[in-house]
Amino acid sequence: FLRVWDMQTRALIRAVHLTIPDGTNLGPATAVCFSPDGDSLAVGFSDGDVWILDVVAPAPVIARDAEPFIRHRASGERLTFPAAMKAVSVIRYSSDGQMLAVGTHSSKIVLFIVEDAAKGFDVYLKHKVLSGHSGQIRSIDFSEDGKFIQSSDSENALLHWQLKPEDKSWSQVKDTNLIVDCVWSTWTSPLGWAAQGLHATSDADHTDSVAIHSASTSRDGGEILAGDSTGRLRLHRF
């Protein structure tokens with residue numbers, strides 16, 4: 001099941017059964033991300049597939065092995081496409097919703113361009129594969145202007161990528177002075193000058209320490225949601 005929660009009331013809003021039309025249960029969902037407008041929810045799976053769900057009316061319609069990949073928002077269809085050969089570890093939309101980045105266990109980041117082909121339609125075009133990491137991708141963040149990406153991996157490497165406007169290509173940033181004044185749309189990386197790190201915490205219900213596996217701040221910066229090794233979500237104000 002995919003569960004959506006209300007942050008204010010901490011109440012469950014919706015639970016979606018993740019199955020394909022023949023009733024087969026899929027492998028575990030390993031990453032999720034809302035689009036900036038809140039209309040779409042991207043879900044990554046352990047088999048490398050990515051689903052795009054309509055938040056209002058998710059319906060099980062598959063468009064596998066299609067280029068480009070199209071979802072009709074008005075009818076609430078679900079778009080499915082293979083993004084990677086290995087499990088998806090993180091998904092992130094750019095701040096304008098025009099790009100989707102998919103991080104994988106194969107140490108690569110797959111970029112998709114999101115376009116409005118017609119009223120009510122979203123088109124996902126595979127754009128670029130970023131290679132440079134040696135570990136599983138753990139976090140991806142876009143800059144507010146969409147010109148930079150920062151990504152971290154399981155080997156504790158933090159890499160930066162820059163968009164070249166002339167040909168819409170991406171290259172790894174070697175000169176960190178280029179990102180000194182960069183404003184990030186999100187910050188989910190446990191590495192970098194703005195991060196204090198994600199640390200294990202003691203838990204009254206467990207004798208062993210609890211490891212923090214993921215975290216994300218709210219857009220106003222007033223709250224942080226953390227997922228731990230027990231499967232629980234912890235909402236903090238700071």
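View 1. Strand β9 covers residues 99-104 and runs antiparallel to β10, the two being joined by 5 bridges. Between the strands of this hairpin there are 3 residues, and S107 takes a positive phi near 75 degrees.

**View 2. The second largest pocket and its lining.** The volume of this pocket is about 330 Å³. A total of 16 residues line the pocket, and those nearest its centre are D96, Q98, M99, L163 and K168. Strand β10 (residues 108-115) gives the largest share of the lining, with 3 residues. By residue class, the lining of the second largest pocket consists of 7 nonpolar, 4 polar and 5 charged residues.

**View 3. Strand β4 and its burial.** In β4 both faces are covered. On one side lie S40, A42 and G44, on the other L41, V43 and F45, and all of these are buried.

**View 4. The pairing of β4 with β3 and with β5.** Strand β3 (residues 29-34) pairs with β4 in the antiparallel sense over 5 bridges. Within this pairing, V32 has V43 of β4 as its bridge partner. The two strands form a hairpin with 5 residues between them, and in its turn G38 has a positive phi of about 80 degrees. Strand β5 (residues 49-54) is also antiparallel to β4, again with 5 bridges joining the two. Here G44 stands opposite V50 of β5. The hairpin of β4 and β5 has 3 residues between the strands, and G48 takes a positive phi near 95 degrees.

**View 5. The aromatic pairs.** A pair of aromatic rings is described by the distance of the centres and the angle of the planes. With ring centres required to lie within 6.5 Å, the count is 2 aromatic pairs. The ring centres of F45 and W51 are 4.8 Å apart and the planes meet at 55 degrees, so this pair is tilted. F45 and W51 are both buried. For W184 and W187 the ring centres are 6.5 Å apart and the planes are at 90 degrees, so this pair is edge-to-face. Both of these residues, W184 and W187, are buried as well.

**View 6. S185 and its contacts.** S185 is placed in the loop between β15 (169-172) and β16 (201-203). Its relative accessibility is 17%, and because the cut-off for burial is under 20%, S185 counts as buried. Leaving aside residues up to four places away in sequence, S185 touches S95, F142, S143, E144 and R219.

**View 7. The whole protein, for orientation.** The predicted model contains 0 helices and 20 strands. Of the 238 residues in the protein, 40% are buried. Among contacts between residues at least 6 apart in sequence, 43% join residues at least 24 apart.

Technical notes:
Residues are numbered from 1 along each chain as its sequence is written. This is a predicted model: local features need pLDDT of at least 70, side-chain atom pairs count only at pLDDT 80 or more; totals for chains, interfaces and linings use all residues. Side-chain values use heavy atoms; hydrogens and water are left out. Rings of Phe, Tyr and Trp (its six-membered ring) pair if their centres lie within 6.5 Å; planes under 30 degrees apart count as stacked, over 60 as edge-to-face and the rest as tilted. Buried means under 20% relative accessible area, exposed over 50%, partly exposed in between (1.4 Å probe, protein chains only). Helices (H or I, at least four residues) and strands (E, at least two) are DSSP runs, numbered from the N terminus. Contact means heavy atoms within 4.5 Å. Two strands pair if DSSP finds at least two bridges between them. On a 1 Å grid over the protein atoms alone, a cavity is a set of points where a 1.4 Å probe fits but cannot get out, and a pocket is an open set with protein on both sides within 12 Å along at least five of seven lines; lining residues have an atom within 4 Å of a point. Grid points are joined across faces, edges and corners, and a volume is the space filled by probe spheres set on the points. Ala, Val, Leu, Ile, Met, Phe, Trp, Tyr, Cys and Pro count as nonpolar, Asp, Glu, Lys and Arg as charged, and the others, Gly among them, as polar.
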